[in-house]
Amino acid sequence: MKKLFFLLAIFFASQAVFSQSAQNRNFPQGSISGRTEMTGEITPSDFPNITFSASSPKTGKEVAFSVQLLLILTLLTIAPSILILTTCFLRFSIVLDFIKRALSLQQVPPTAVLNGIALFMTLFCMFPVFNRVYENAYKPLSNNELTVTEAFDEGIVPIRIFMYNQIKGNGGENYIMSFMSMAGKKKPATLADVPTYVLIPAYILNELTVAIKVGVLIYIPFVVIDMVVSSILMSMGMMMLPPVQISTPFKLMIFVLVDGWGLLTNNLFSSVMQYLRL
């Protein structure tokens, strides 16, 4: 009996809900029913079909073009490493990082800012080299006056001259001799006798040596300030106070008063530009 009453209650409740939904079908008042079908007045959008196909090369020129394209893509992949290791970016970035550590700064300026400064300083110093690469290699290549191989041979010459001048001017010939002996080559008489795969690592080691020398010279005055502040604090019995917390403001004030950024950038530019002979 209880089940019968329960079923009847469900039946009457569903009837009430259905009647209410029928009344609300045209809610709000004045609304009409619609449909989602497209009429002839609406023009559908056309999307192009994208297909990929692979075919065997028919001639030797097609094979050569594929290999050239592969080499260009590979060169673009290692372009950041080439920019860092074959230009003066390596020297600038290391010296700027030494400045940050000498001033006892942890987060200011950020590493990304220092790398950006080093990048634009590199572009400024390397503009004559890049301009000659553009005039001698890229421009004739875009005008179909040179092949990719010929353009590479012409474009590497200004970079080789720049690296060799930096090594020769800073006394880094020993690195060239060391790599030449490891490669089983004879003592070079001119730059033409030094292969590129020998010149690049010699240039990298020379830049690391020069950058560390400059960084140490920059570091010494700030170390002296730290020692003076530390000795004063110890004489006053303030051993629990970190000396860096006191010396950092003094180092920053001295660095700003002597125009440290201007002196640093001028000397860095001079160390590169005086050997920039193309």
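How many disulfides does the structure hold? It holds zero, where a disulfide is a pair of cysteine sulfur atoms within 2.5 Å. This is a predicted model, in which local features need pLDDT of at least 70, side-chain atom pairs count only at pLDDT 80 or more, and totals for chains, interfaces and linings use all residues. Residues are numbered from 1 along each chain as its sequence is written, and side-chain values use heavy atoms, leaving out hydrogens and water.

- C88 is in no disulfide, and the nearest cysteine sulfur, that of C125, is 4.6 Å away.
- That spacing is too far for a bond.
- C88 is buried at 1% relative accessible area, and C125 is buried at 0%; buried means under 20%, exposed over 50% and partly exposed in between, with a 1.4 Å probe and protein chains only.

**The overall fold**
- You will find 10 helices and zero strands in the chain; these are DSSP runs, with helices being H or I of at least four residues and strands being E of at least two.
- Of the 278 residues in the chain, 27% are buried.
- Among contacts with a separation of 6 or more, 70% join residues 24 or more positions apart, a contact being heavy atoms within 4.5 Å.
- The chain has an accessible surface of about 19700 Å², 67% of it from carbon and sulfur atoms, by the Shrake-Rupley method with a 1.4 Å probe.

**A backbone detail to look at**
- Most residues other than glycine have a negative phi.
- D259 is not a glycine, yet its phi is positive, about 55°.
- D259 sits in the loop between α9 (243-257) and α10 (260-273) and is partly exposed, at 47% relative accessibility.
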